[in-house]
Structures are given as C-alpha cells and as structure tokens.
Amino acid sequence: ATAATNADRPLHELPPKLQACAAASSRQSSGSVRQALYAAIAQPDAEDAFFVADLGEVQRQFAQWAQLLPRVQPFFAVKCNPDPLVVKLLARLGAGFDCASKAELQQVLHEGVAPQNIIYAHPCKPASHVRFARASGVEMMTFDNADELIKMQQLHPGAKAVLRILTDDSGSLCQLGLKFGAASESTLELLRTAQRLGVDVVGVSFHVGSGCQSEAAFGDAVMRARCVFDQAASLGMRMTLLDVGGGFPGRGDQSGLAFADVASVLAAALDCHFPVSHYSHVRVIAEPGRYFVASAFSLAVNIVARRCVARADGPAFMYYVNDGVYGSFNCIMFDHQHPSPRVLTCAGQLVDAHAKAASSASGFESSVWGPTCDSIDCIVPSGRLPELQVGDWLVFDGMGAYTICAASRFNGFKISDVVYVDTEHALL
Ligand code: PLP
C-alpha cells in the first residue's frame, strides 16, 4: 500500500492488510514505516503519540559506516537512544558501545557484549560506577584530570585509561568542550601523573561536539591526538587506542553535513597522522550516537486541541499535540533542534503528506504546541499548515537522537511508545 493509493481515504476505509497489521501487534509491524503509521492511527480510539522505529535503517547506517570508515570500529553512544532493540541489533552487528554510567554498562553487558568492546566514556565517574566496571571486566575508561587518575588507581588498578583531549568544537550544536577535555597545555603533565601513579594510559579520545557542522573539525582533532601520542612516546609510553568520539551527522541531518564528507576527511586525517605503516598496533574506534538512530525514528503526534485566532490577515491556528518539549521534543531545548512536521491526516482524511507539505505555502499561519500547561512547551512557533482538525495526525521524521532518552512525564503525560518495523529483516 502506498500513500498515493490511500490518499484521501477515510481512516476506517484503509485496506484490510493495514487494519490487520494493526490488529496483529501494536508493537511490531512487518511493513514499511508508512504502513506502520497508517496501521497505528487506524486502530480504534488511536490517540496517543507514538514513534515508528525502523531497525532496517539502523542496519543500513551500520553498513554505510563499514563501507566508508573500515578502519574505525563504531562504539554506539548508548546515551543517544538506549532503545533495547537498537542496542540488541547493534550488538548483533558487532558494534562496540560507549557507556556513560553503570546502568548503561549493565544494559549492554546484558546483551552479551564483550567488555573489550565497551568503553566507559565519561571523564568524571562516580566511585560506585567505577567499581561496577571493574567487577564486570570493563577496563577502557576516559579521564581528563588528575583526580580521576587517582580514582582509577584506587578503585580500578587494571583500568586502561584513555586521555580525553580538548578539540575545537566551536562549530558544533553541543559544545562538550565547555565541560570536558584536557587542554593541550595539560596533557604532558597528566601523562606524567599517570606514570607516577602506575595507571596504564592506553590512548587518546576526543569529541568534536555533538551536531558537528564541519568535517574539518575531525581532521584537526586527529592531528591534536597525534601530538599527545608523541608526548606519550617521549615518556616511553606506547599507546594503542585512538577514539575519535561522536559528532557524526545522521542521514538527512538539518546541518546539511553529509556523513560521506566527514568520513572522507577523517579517513584522510588518519592516513596522514596515523599511517597504517607505523600505527598498525593502534585500534581506532569512534563513539557515534546520532549517526545510527536519528533517521530511524519518526514520531506521530495527535492534535488534541486547537485554537483559532482571528488576525487582520486571516485566521491563525494554534494546534496542541500530545507530545512536547517536556517529552520527546526535549531535543529542542537540549539538542538545539528545529523539528518540522508533515501532515499525515487532514480533516480526518489520509493525505499524501509530502505533496501537501509542498503546497503548504497556501495554508494558514500555524503554531504547534506540546500538551503541558507551560508556554515554553512550543514545538513549532510559526509555520504554514493546511487547516487541520482535532484528531488529525502530524509526523516528525528524524526523531531518533536525544529524544526519548531525556523525556519526562511532566504534567502526568506518558512517554511515547515505540512501534518497530524492520525493513531489512535485521532483527525481527
Ligand atoms: N561520546 C560522548 C562522550 C558523548 O558525550 C556523546 C554525546 O554527548 C557521544 C559520544 C555521542 O555524540 P553524537 O551523538 O553526536 O555522535
């Protein structure tokens, strides 16, 4: 079933296949993302907002990574989206994992991931979480300060410490360097301190910032990492790990930055500063989060209320939907995103969303608001949409990164469920 064949049909007249699909399971669908959307909204009393996650998209991103960056093993940054099926799939595909806490370590260990394929990539860790890592055999962990080295010496003498260095993240949406990363003036002294304490520093990591907007940042950071490798060598330390962090764009990223361009710059920088001829002993890993999941999740929201505001230039509409800034759209606050909707149903009829969106210039001035009583809970402050009714559905694509993981239940609203599809038969 395609959008064209179903366009403008009342929901209750959806093809039986889609109805059956909805009835068979509300959590899994064997069809496409579009079919799963149609099926879910066709269910009797459908109202709750929901995600459709395509595990096949995660697999395609994994395959693209292997093709364009074969030298770099991806360690998925669990914090970005700890969805259990995403983690299970990536574990099966052979990814490693970047964990930020004991709970994330527990989740990936539970999937049978080998401790050697896990990095505890947080430079400032609670003592009890370090003890848990030790008890679980997880050895790789980052640091950027001397106190953390003392913690490792005392709580995890077998740790393989990774020095997180500061890089230029001025062109990124989330500048993590404000909080973490050893400045270049401090790295030599930190290496000396580690030596004195007997902590084994095995490598260097960096993060160019999440939502990085310039591929050049990766090249520059690899060069800085090489300087620290040279410092270590001058102290007689032989490093074996380079961790190039996260910051890779998802498919269709709003920044316009393409993964292929980042991969090409990064691969060239690795060849230049860590040529295989001299650095074959160095394992190169990365910590992508957004890259794997952003495009795999779409969020459907229902218009639960609306307000028509009379204006001199015609009516404007305020639409109130059932997920918002305190829920999945926290990415507006925390991840600096500007989500933009497409129309799934208009006046109760299924529409060909992309075609209608193209003609939306002829619609009405509209804003889209979340469900809570707070006025900060605004998803789209201004845009043009056709006139929609209470009960209509909007869809936001590219909602897989930094959304569900930080959603709250503020005002008593539930966190949106996930319906899974698997367009590559990757897992289901
Ligand atoms: N690694 C670390 C240490 C992070 O803090 C983050 C994000 O905050 C990531 C990896 C993932 O970054 P991204 O989703 O931009 O790839």
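Biologist: Which residues does UniProt list for "domain: Orn/DAP/Arg decarboxylase 2 N-terminal"?

Modeller: The unreviewed entry lists residues 55–294. UniProt positions follow the numbering used here, feature names are shortened, and annotations may be inferred rather than shown by experiment. Residues are numbered from 1 along each chain as its sequence is written. The model is predicted: local features need pLDDT of at least 70, side-chain atom pairs count only at pLDDT 80 or more, and totals for chains, interfaces and linings use all residues.

Biologist: How much helix and strand is there over residues 55–294?

Modeller: Helices (H or I, at least four residues) and strands (E, at least two) are DSSP runs, numbered from the N terminus. Residues 55–294 are 45% helix and 17% strand. The end C-alpha atoms of this stretch are 12 Å apart.

Biologist: Which strands form the closed barrel?

Modeller: Two strands pair if DSSP finds at least two bridges between them. Here 8 strands close up in the order β3-β4-β5-β6-β7-β9-β11-β12, with parallel pairing. On average, neighbouring strands of this sheet are turned by 30° against each other, direction ignored. Axes are lines fitted to C-alpha atoms, for helices over the stretch in contact; angles run from 0 to 180 degrees between N-to-C directions. Cys99 stands opposite Tyr120 in β5.

Biologist: Where is Lys79 found, and is Lys79 buried or exposed?

Modeller: A residue is buried if 20 or more other C-beta atoms lie within 10 Å of its own, exposed if 12 or fewer, and partly exposed in between; C-beta atoms are placed from the backbone. Lys79 is in the loop between β3 (72–77) and α5 (84–93). Lys79 is buried because 20 other C-beta atoms lie within 10 Å. UniProt lists Lys79 for "modified residue: N6-(pyridoxal phosphate)lysine", in an unreviewed entry.

Biologist: Which residues does Lys79 touch?

Modeller: Contact requires C-beta atoms, placed from the backbone, within 7 Å. Lys79 touches Ala100, Glu104, Gly289 and Cys405, not counting residues up to four places away in sequence.

Biologist: How many residues of domain 1 are in contact with domain 2?

Modeller: Domain bounds come from an automatic or database domain assignment. Domain 1 is 3–54 + 295–421, and domain 2 is 82–288. Their C-alpha centres lie 37 Å apart. 10 residues of domain 1 are in contact with 10 residues of domain 2.

Biologist: Why does Gly383 count as partly exposed?

Modeller: Gly383 has 14 C-beta neighbours inside 10 Å, so it counts as partly exposed. Gly383 lies in strand β19 (residues 378–385).

Terms used:
Contact = placed C-beta atoms within 7 Å.
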